Amino acid sequence: MSKLQAFLEKALKEKNRQSSQHLGDRRTYIGASDIGGCPRKAVLTRILPVEHDAATLLKFARGHAAEDLIHGIFQAGGLTPLREMEIRHPVFPDLLCHIDFLFKAKSGRFHVVELKTTNGLPDTPYGSWVDQLHFQMGLLALHYPGADIGGSILAIDLNAGTWHEFNSYKPDEITFNLLVAKGRRIKACLDVGETPDVEPGLLCGFCPYRIDCPAFLEEAFVIPDEVQALAKRHLEATELKKTAEKKVSKLKEDILSFTGTRFKGKSDSLFINTSEVGPSETVDAYVLKNRFPDVYQQVKKERAGFTRLDIKPI
Ligand code: SF4
């Protein structure tokens, strides 16, 4: 690692510490992201904290940078939301949230915006995002009974330069009460040193406690909804690819029926060239290996492995 990289990695830790200062000591409370996520991870994060690597810290820093960027854009457009507004549960003070952006209209209406940075925008918001937003709106509703409250999730893909707002959420008492109960369960497990149940989701891919996670040790893993949604999209995209490949092949046939195998032509907008590619030779690795194993050993090359993904509809 170069000196500059070593310096940046050290400084990145400090930068993340500074950017998260407003969140206080997360070991002392259960926040909205804990309640929206996996209870086992929430507990283990507190009792067995891990040092994050540079890649994870950079992702955190990207989230902070996106918040600053969106805040700047709101301000440039003449809006002045409250940032990182802390709201504590009046009866269970261990449960609290920090609202990314809170708007209060002159009419008294509140609007909560939860910002999420992603790699690619999902078609629908992830369940953990929605739970987080519901918990925030529910706490707000407890502090401002009867107020008109709404919420949205703003997902932003900084690399692609795209964003999408999932809007029109309203506080829901039943959902909020379930989330409060979940937060209290996490706190109770922490107090007595128990590990709570798992709640697998897409973020398992980034979880430092996955290695011995009971969910992944089970024979038949029940696929979480958000991963199911991705797998379905993968199946649909694969079908589209097959259809597109067939279409390309048929179009090629039609064009070749006009051009033949040797042709050069152009129009105002395109150029067409066809030419014959002669036959070539290849080595049958199976025969070589069996009949000339010494030669095979001398000429073989390592090929990098890859992860195979098979998805089949049931
Ligand atoms: S791997 Fe997933 S289910 Fe297991 S603890 Fe981590 S977040 Fe929870």
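Ser 168 sits in strand S5 (residues 162-169), strands being DSSP runs of E with at least two residues and helices DSSP runs of H or I with at least four, numbered from the N terminus. Its phi is near 75°, a positive value in a residue other than glycine. The model is a predicted one, where local features need pLDDT of at least 70 and side-chain atom pairs count only at pLDDT 80 or more, while totals for chains, interfaces and linings use all residues. Numbering runs from 1 along each chain as its sequence is written.

Glu 84 also has a positive phi, near 50°. Glu 84 belongs to strand S1 (residues 82-88) and is partly exposed, with 14 other C-beta atoms within 10 Å. As background, most residues other than glycine have a negative phi.

Zooming out, the chain holds ten helices and seven strands. Its radius of gyration, taken over C-alpha atoms, is 27 Å, well over the 20 Å that the globule rule gives for 314 residues, so the chain is more spread out than a compact globule. That rule is 2.2 Å times the number of residues to the power 0.38. The C-alpha trace spans about 80 × 55 × 50 Å along its principal axes, and 19% of the 314 residues count as buried.

Beyond its neighbours within four places in sequence, Cys 97 is in contact (C-beta atoms, placed from the backbone, within 7 Å) with Gly 31, Ala 32, Ile 87, Phe 135, Gln 136 and Leu 139.

Then there is the ligand, whose surrounding residues include Cys 38, Arg 40, Lys 41, Val 198 and Cys 213, counted when the C-beta atom, placed from the backbone, lies within 6 Å. Pro 214 lies in helix H7 (residues 214-217) and counts as exposed, with 11 C-beta neighbours inside 10 Å. The C-alpha atoms of Pro 214 and Val 198 are 7.6 Å apart, although 16 residues separate the pair along the chain.

Note on methods:
A residue is buried if 20 or more other C-beta atoms lie within 10 Å of its own, exposed if 12 or fewer, and partly exposed in between; C-beta atoms are placed from the backbone. Two residues are in contact if their C-beta atoms, placed from the backbone, lie within 7 Å.
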